[in-house]
Amino acid sequence: MSRWVVLAARNLLRHGRRTFLTGSIVVVGFIAVTMTAGFVSQTFSALKDATIRSVGGHIRILDPRAAGKTDDEAATILLEDWPGLAGLLSRDPRVVQAMPKLSFFGLVVKGDRSAAYLGTGTIPALEKQASLAADTVVSGAFLSRNDSDEIMLGTGLARAIGAKAGDLVTVMTTTPDGGINAVDATVAAVLGYPVKELDDRILFMPYGAAARLLKVEGKANSVVVLLKDDRDTDLEARELPKALALEGRPVAVKTWLDTATFYKQVKLLYASIFFFMGLVLAVVVILATANTMTMSVFERTREIGTLLAIGMERSSIRTLFLLEGILLGLIGSGIGAVLSLLLRAVLNASGIMLPPPPGATRGNVLHVDFIPLSYGIGFAAMSLTLLVAAWWPARRASRLNPVEALGHV
Amino acid sequence: MPILETRGLTKTYRLGEERVVGVVDASLTLAQEAFAVLAGPSGSGKTTLLNLLGLLDTPDSGSLIFEGTDVSTLDERGRARLRRERLGFVFQAHQLVPVLSAEENVALALWIRKLPEETCRTRARAALAAVGLGGLEARRPDALSGGQRQRVAVARAIVGEPALVLADEPTASLDSETAGRLIDLFARIHAERGVAFLFSSHDPRIVQRADRRIRLLDGRITADEHVAAGACA
């Protein structure tokens with residue numbers, strides 16, 4: 001086989017400029033595949049981080065009665081004794097923190113203006129560490145104490161009632177037992193939330209104040225667990241319920257991914273774009289290479305006739321041209337891999353700032369991830385593409401009539 | 001046993017709406033020690049008959065017996081195997097592969113027989129030495145003269161130790177002196193190795209040197225002369 005590989009390599013060098021141009025398309029294609037994969041990976045990573053921060057953690061612990069229910073359906077199902085549960089969770093070495101979340105809704109009023117809100121009762125210090133909210137303060141200061149009558153509002157909500165940091169507003173809600181309660185609270189901060197629908201409705205209140213407002217002290221809709229390592233999410237989602245059940249605290253769990261519809265949609269969209277781009281790239285490479293190979297067959301018609309005349313099998317002629325295609329794919333991919341790594345190093349060192357990914361508040365410094373799989377896929381895809389491109393010219397060459405080929409001018 | 005025997009070999013071609021006669025009812029027998037030439041003017045059917053005898057083309061009718069076996073009904077692979085193992089070809093232009101060295105071009109005829117690399121190399125070098133090109137093994141065709149290239153082609157034709165070498169106008173693209181030396185080479189190989197040669201040529205020197213002259217006109221064999229080697233036509 002090696003002698004035919006050598007012959008194929010020399011045939012590629014026969015028209016150096018043409019091979020260089022065709023090979024350049026392969027190189028560019030390979031770089032495009034690997035760089036896009038690296039960039040998309042980094043975007044997914046940033047998006048994942050933003051999604052986890054929007055929840056405040058990786059895993060939500062719920063009352064077992066909430067299992068299989070949507071968040072709306074489970075809104076009235078409360079966990080008892082969340083501090084006890086948080087205490088058990090804090091013994092897990094993979095857990096950074098566990099914070100309660102109370103969900104409620106109602107009207108926020110300032111003077112004669114009111115607007116509906118979606119409220120979250122949380123522990124300010126823990127929320128600040130784990131959540132997106134801390135990055136979104138546009139005026140005022142983040143909630144400071146757990147029992148103070150303070151709130152934070154989304155910009156849209158604050159605008160709707162004409163409130164600003166330092167103003168006094170009234171927060172009204174319905175308690176789980178059906179009564180109506182209200183509290184006067186100071187607007188500690190206004191948040192610029194990245195999702196407009198949330199920005200128009202969101203309200204944060206310290207857990208202590210929210211629990212008093214709802215008359216549910218010691219209870220929570222969920223306890224959100226922040227892990228040290230994202231990769232432990234699935235493991236913890238499996239192990240925590242078992243461990244807590246042994247402690248006499250049966251629970252249901254949901255991972256951040258279980259409810260991350262937006263993340264999944266964005267990922268699907270990116271994957272579709274990536275696939276379409278790859279398809280276009282493959283077509284371009286196939287057309288360019290098939291053209292080169294066809295020209296090569298045409299120019300070498302007499303030579304092919306000679307090879308057939310001296311007894312070379314038609315299948316061997318076909319293999320020779322296919323080898324040329326695969327070789328071009330492999331060499332182009334090899335050069336592409338080296339250039340891709342160099343370009344990645346340059347871009348990663350450039351410090352270019354990118355705008356925030358969808359749903360995030362902070363932009364990131366451009367970083368193209370190194371995805372070994374994309375390099376493997378690049379090699380396989382380019383070789384396969386070149387094989388497809390070489391197939392028809394190779395077939396044409398192998399089906400030449402030796403007498404006609406020898407007489408070709 | 002004759003090396004080759006044909007009966008009523010006929011080949012016509014379609015040229016647009018017209019059918020053009022290539023060879024009509026060609027019957028001949030070629031002995032194992034033949035040094036024969038198909039002679040005739042351009043368009044007389046020399047190359048067509050040579051292609052049929054070399055299993056490069058298939059006849060419309062008639063039979064072709066090669067070394068006692070009817071090969072006229074062989075399939076594509078069978079014909080390729082026979083060409084590979086029992087026949088050698090020399091063309092008007094050298095038809096060497098430009099990206100291969102002289103040695104590799106000769107070895108090519110053995111590569112396609114899937115022989116070990118060392119065997120291919122040794123035999124290719126020996127064949128090149130036999131045609132007087134020892135020392136030029138590494139040169140590529142573009143670094144050789146026209147005569148040297150044609151000698152490489154001869155080496156390629158004989159390296160597989162064929163029973164018959166078919167040479168189509170082998171001297172047509174050579175100057176007189178080079179052509180003369182090439183004809184001498186053919187005669188020497190024929191004498192030393194006992195390989196049968198069948199030329200298609202209107203070069204009078206080849207016709208003169210051949211011991212058998214099969215003359216064609218309009219696709220028909222018009223004369224078949226057995227002469228003493230070197231006799232004048």
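## Strand pairing in chain B

Two strands are taken as paired if DSSP finds at least two bridges between them. In this predicted model, strand E1 (residues 4-15) of chain B and strand E2 (residues 18-30) of chain B are joined by nine bridges and run in the antiparallel sense. One bridge links B:Thr12 to its partner B:Val21 in E2(B).

Two residues separate E1(B) and E2(B), which together form a hairpin. In the turn, B:Gly16 has a positive phi of about 65°.

## Contact between the chains

The contact involves 17 residues from chain A and 18 residues from chain B. On the side of chain B that touches chain A, helix H2 (76-86) and helix H3 (102-111) of chain B supply at least two residues each. H2(B) gives the most, with five residues. By residue class, this side of chain B holds ten nonpolar, six charged and two polar residues.

## Nonpolar cores

The largest nonpolar core has 105 residues. Within this core, the residues that touch the most other members are B:Val106, B:Ala155, B:Phe197 and B:Leu198. Helix H12 (residues 372-398) of chain A provides the largest share of this core, nine residues.

Leaving aside residues up to four places away in sequence, B:Ala155 touches B:Val106, B:Ala127, B:Leu128, B:Ala130, B:Val131 and B:Leu133. Another core, of 68 residues, lies apart from the largest one, and its members include A:Leu79, A:Leu88, A:Tyr193 and A:Leu214. In soluble globular proteins, nonpolar side chains tend to be buried together.

Notes: Residues numbered from 1 in each chain as written. Chains lettered and ligands numbered in written order. Predicted model: local features only at pLDDT ≥ 70, side-chain atom pairs only at ≥ 80, totals over all residues. Helix = DSSP H or I, 4+ residues; strand = E, 2+ residues; numbered from the N terminus. Contact = placed C-beta atoms within 7 Å. Nonpolar A, V, L, I, M, F, W, Y, C, P; charged D, E, K, R; others polar. Core = buried A, V, L, I, M, F, W, Y, C linked by C-beta atoms within 7 Å. Buried ≥ 20, exposed ≤ 12 C-beta atoms within 10 Å, placed from the backbone.
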